[in-house]
Structure formats: structure tokens, C-alpha cells
Amino acid sequence: MKKNLLFCINTMLCAGALFAQETLQVNVRNNGVERFEQVVSRPITEEWLQDVDKPFQVIETDDRGNFLQEVPAVRDKSGKQPIISWLMPGITESGAGRHFQIKAVMPTLGWLQTDLTCEERDGNIVIGTTYFQLEHPMKGHGGMPQNIRYCSSGYTDTKAHLLDRVFNRETHMQYTIMADDAATAKVVFKSPLRVVGEAHTG
């Protein structure tokens, strides 16, 4: 059996949307703790947004639809369903709602620079920010990330693992994905807002 596993450095917030004349209204509510410079993602189901060559713009509005600011955004078509990710600038308080519009127009913002980095080093995909860094082996370890480093303290946690497993009822044996030394991983999408890695294991 072959499985495709998809990982992304991203935090999802709940979102509701209304389609109208190539403008998508997206209302985002922070149901968790206070967020700073939060990235939010939404799957694309609208046909006019799925065209990778068609420009788009994301703006923030007030609750009446009045323009506040344009925000940085990217379109990710690496998976089966395209995704748009954008930055919510500043602080979003717990329980707060913010309003955005996705439009089929040319953006005016230049390319965004953030602290999200992704590089290949010593057989690993190394993904990091100002606050943490993790290693994603390009071969072995089931293609799962490992070695989480906390940049402020310099401490590296080598024991934390993402565990995926299969249980065989006939043999009463458990198979863990991390035991697959032939697994591979690669980056399929990279941007200042979002990194997506794909792991293959058999």
C-alpha cells in the first residue's frame, strides 16, 4: 500500500465565504488565543481562482466592506485542491473577526519577505522561522519530520515524532511509518507564507 502524506507550515482558522462576481468575501474568526502576523489558508473551489496564470488580490475590509489594506497572498496548486494563503497583519485578538476579499485583479504589493525559510542541508529539508526549526529527512524515517529546535533557547527536541501507524488484526502487529527506511520526502511548494512537503512511503 502506498500513501501520500502532505505537511505544511501553516495555522488554520475557521472561515466562511460568499461568492459574487469574481470577488470572494471571506470572514475569519480567531477561535483560539491571540495571534500575531497569522497566516490563514482557504481551499479554492471557485473555478475563476484555480487558473494559475490569472492574477488575484487579497484585501482586508471592515465589516461593511470598506477597504482597509491589501495583504500579501500566495496560491498553492501543489495538491489536488488549490489553496490560497494570506497574511493577517498585526494582532488578531482571541474571538475577533476579520474580513477579507479575494479579487481577480492584479495585486499591487511586491513580493513579501518573512522569516519562514526552507532549504536542503545534509540530506534533510530544514524548515524554520525566528522561533523554531525542524528537519525533514529526504530519505528514511517514514518521511516524517524530526529534531525540533527552539531557537530562543537553542534546545533541540530529538524525541518528538509525528506518529502514523497501521494495525493488522490478523497478525496483531503494529506497523509504524517511521520504520520505513525507503520513504522519501520533497518540497512541492515554497513561499514566504507557506511551505508544503510531500512524503512517499510504502
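Predicted model: local features only at pLDDT ≥ 70, side-chain atom pairs only at ≥ 80, totals over all residues.
What is the volume of the second largest pocket? About 280 Å³.

**Stop 1: the pocket**

Select Pro72, Ala73, Val74, Pro107 and Trp111. Of the 20 residues lining the second largest pocket, these are the closest to its centre. Centre the view on them, then show the strands around the pocket. Strands S5 (57-61), S6 (67-71), S7 (73-76) and S17 (184-190) each give two or more residues to the lining. The largest contribution comes from S7, with 3 residues.

Now colour the lining by residue class. The lining holds 14 nonpolar residues, along with 3 polar and 3 charged ones.

**Stop 2: Asp76 and Arg194**

Asp76 belongs to strand S7, while Arg194 sits in the loop between S17 and strand S18 (195-201); the pair links distant parts of the chain, 118 residues apart.

Are the two partners buried or exposed? Asp76 is buried, at a relative accessible area of 3%. Arg194 is buried too, at 4%.

**Stop 3: Arg98 and Glu60**

Next, select Arg98 and Glu60. This is another salt bridge between side chains, again given as 2.8 Å from N to O. Arg98 is part of strand S9 (residues 97-103) and Glu60 is part of strand S5, so the contact ties together parts that lie 38 residues apart in sequence. S5 was already on screen at the pocket, as one of the strands that give two or more residues to its lining.

Check the accessibility of each side of the pair. Arg98 has a relative accessible area of 10% and is buried. Glu60 has a value of 6% and is buried as well.

**Stop 4: Arg121 and Glu119**

Move to Arg121 and Glu119. These residues form a salt bridge in which the closest N and O atoms are 2.3 Å apart.

**Last selection**

How values were computed. Residues numbered from 1 in each chain as written. Heavy atoms only, no water. 1 Å grid on protein atoms, 1.4 Å probe; cavity = no way out; pocket = protein on both sides within 12 Å on 5 of 7 lines; lining within 4 Å. Points joined across faces, edges and corners; volume = space filled by probe spheres on them. Helix = DSSP H or I, 4+ residues; strand = E, 2+ residues; numbered from the N terminus. Nonpolar A, V, L, I, M, F, W, Y, C, P; charged D, E, K, R; others polar. Salt bridge = Lys/Arg side-chain N within 4 Å of Asp/Glu carboxyl O. Buried < 20%, exposed > 50% of the residue type's maximum accessible area, 1.4 Å probe, protein only.
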